[in-house]
Amino acid sequence: MWPGRFEAMTYDLKPASSPSGGSAPLSGAGWTAAVEDHRRGLVRLAMKLVWHRDDAEDLVQEAFQLAVAKRMTPADERFGPWLYRTVSNLCLNHRRKRKAEPLADWLDLADDVRPDDRAQQVERLARLREAMGRLPDRQRLALTLRALEEMEYPRIAEIMELSVSAVRAHVHFGRVRLAESMSDEKSGASR
Amino acid sequence: MNGCEAIRAHLDDWLDDALGQADRDRVAAHLQDCRDCEAFFARHRSIATDLAALGGAADRMAALPVTPRRRPSSTARVLLRIAAGVALMTTVGLLVVSYFDDSQRDAQRFVQDDFPRDSEVPTIEVSRFHSTHEAGRIVVPIACDNPKVHIVWLYNTAERDVPLGDEEENGEKPV
């Protein structure tokens, strides 16, 4: 799979039994498959929080290393939510050292969009991304999971270890702040 | 809660397409009559659409194939950082030493070239004993073996008129 650190994690690991003692421990190949399933989703989430591919990969790697240190296994039903929560916390605490990826080449805009309109859209989305980065952490995470990851509220509540109503409140206030921020910037820009 | 507030309370479910039919119809009817609420909902709809576009862009970035990177072990990284620090300090030290060395060398060059250590600052002998008086001019020979010494002749009137050739009689020494 990956040379270097991640190989050491997948091949040296001894499968552990699940906390309930019921299900059989995963083999090394099972571990690898489960990790790969989670890894893609985690990298997508990390990208939406840090906006740099290498940083996202590093943070996901770090989360898996923490899972190994805590002796968590894919057989554990808490494994998935724990991983998402750990990756989210690592991303929110991550101090960005590298510039966010530019958006222009990654947006799915129609071919018949005029260059001026395209540039305006790119600029508006870049401002929106910056405004998301300025939200309080819980609102930012809740809104990212809901609006960008399109996750259901109960799953978001499980990841954030909050009630569904608390998650809805964070999403709501995140949307309100975002709208205020974008309209403030727009009125400031038009002066 | 007035009409607009009651409608705006449905914003999140409206954005999430989670409203029941009755509530959806009620919101639609209100938005047709209320420009403020219509603008409010439109602004939030636009932001939700833009957020979905951002999510799509992030997914496309994340779908790039990974180029495996082999990172050095933690010990090697620590050693690399120490080596980088030593190299930086050495470079800074060399720059500082060379700066002060140049300054001193310039000063020394000035001293060595112009005023050799084993000799004193050259004196300029202006001897009136060997001056000649020609046609209203006094020609005063000035001797100095160092070409870099510039002689500035300050014109001034003599304080007293000492006839030429009488200095020894008057007890004066050459200047």
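Which residues of α6(A) are buried? In α6(A), the buried residues are A:Q139, A:R140, A:L141, A:A142, A:L143, A:T144, A:L145, A:R146, A:A147 and A:L148; buried means under 20% relative accessible area, exposed over 50%, and partly exposed in between (1.4 Å probe, protein chains only).

The views below show a predicted model, in which local features need pLDDT of at least 70 and side-chain atom pairs count only at pLDDT 80 or more, while totals for chains, interfaces and linings use all residues. Residues are numbered from 1 along each chain as its sequence is written, chains are lettered from A and ligands numbered from 1 in the order in which they are written, and side-chain values use heavy atoms, with hydrogens and water left out.

**View 1. Helix α6 of chain A.**
Helix α6 of chain A covers residues 137-148. Helices (H or I, at least four residues) and strands (E, at least two) are DSSP runs, numbered from the N terminus. The helix is mostly covered, since ten of its twelve residues are buried. At 1.5 Å a residue, its twelve residues should span 16 Å, and the end C-alpha atoms are 15 Å apart, which agrees. The expected span is 1.5 Å times one less than the number of residues. After α6(A) comes A:E150, whose phi is positive, near 55°.

**View 2. A:A63 in helix α3 of chain A.**
A:A63 is found in helix α3 of chain A, residues 53-69. With a relative accessible area of 0%, A:A63 is buried. Leaving aside residues up to four places away in sequence, A:A63 touches A:W82, A:L83, A:T86, A:V87 and A:L90; contact means heavy atoms within 4.5 Å. A:L90 is 27 residues from A:A63 along the chain, and their C-alpha atoms are separated by 7.8 Å.

**View 3. A salt-bridge network in chain A.**
A:E36, A:R39, A:R40, A:R53 and A:E57 are linked in a network of salt bridges. A salt bridge is a side-chain nitrogen of Lys or Arg within 4 Å of a carboxyl oxygen of Asp or Glu. One such pair is A:R40 and A:E36, with the closest N and O atoms 3.7 Å apart. Both residues lie in helix α2 of chain A (residues 28-50), four residues apart, about one turn of the helix. An α-helix has 3.6 residues a turn, so residues three or four places apart point the same way. A:R40 counts as partly exposed at 46% relative accessibility, whereas A:E36 is buried at 18%.

A:E149 is placed in the loop between α6 and α7 (153-160) of chain A. This residue is buried, with a relative accessible area of 17%. The side chain of A:E149 makes a polar contact with the side chain of A:K48 (2.4 Å). A polar contact is a pair of N or O atoms within 3.5 Å; within protein, one must be able to donate a hydrogen and the other to accept it, and residues adjacent in sequence count only if both atoms are side-chain atoms. Not counting residues up to four places away in sequence, A:E149 touches A:R44, A:L45, A:K48, A:T144 and B:D59. A:K48 also forms a salt bridge with B:D59, the closest N and O atoms being 2.7 Å apart. B:D59 lies in helix α4 of chain B and A:K48 in helix α2 of chain A, so the pair joins two chains. A:K48 counts as buried at 4% relative accessibility, while B:D59 is partly exposed at 27%.

**View 4. The interface of chain B and chain A.**
At this interface, 27 residues of chain B are in contact with 38 residues of chain A. The two chains bury about 3000 Å² between them, 63% of it on carbon and sulfur atoms; buried area is the accessible area (1.4 Å probe) that two parts lose on being put together, summed over both. Ten residue pairs are in polar contact across the interface, both residues at pLDDT 80 or more. Seven salt bridges are found there. In one of them, A:R175 pairs with B:D12, the closest N and O atoms being 2.7 Å apart. Helices α2 (11-15) and α4 (35-62) of chain B each supply at least two residues of the side of chain B that touches chain A. α4(B) gives the most to that side, with 15 residues.
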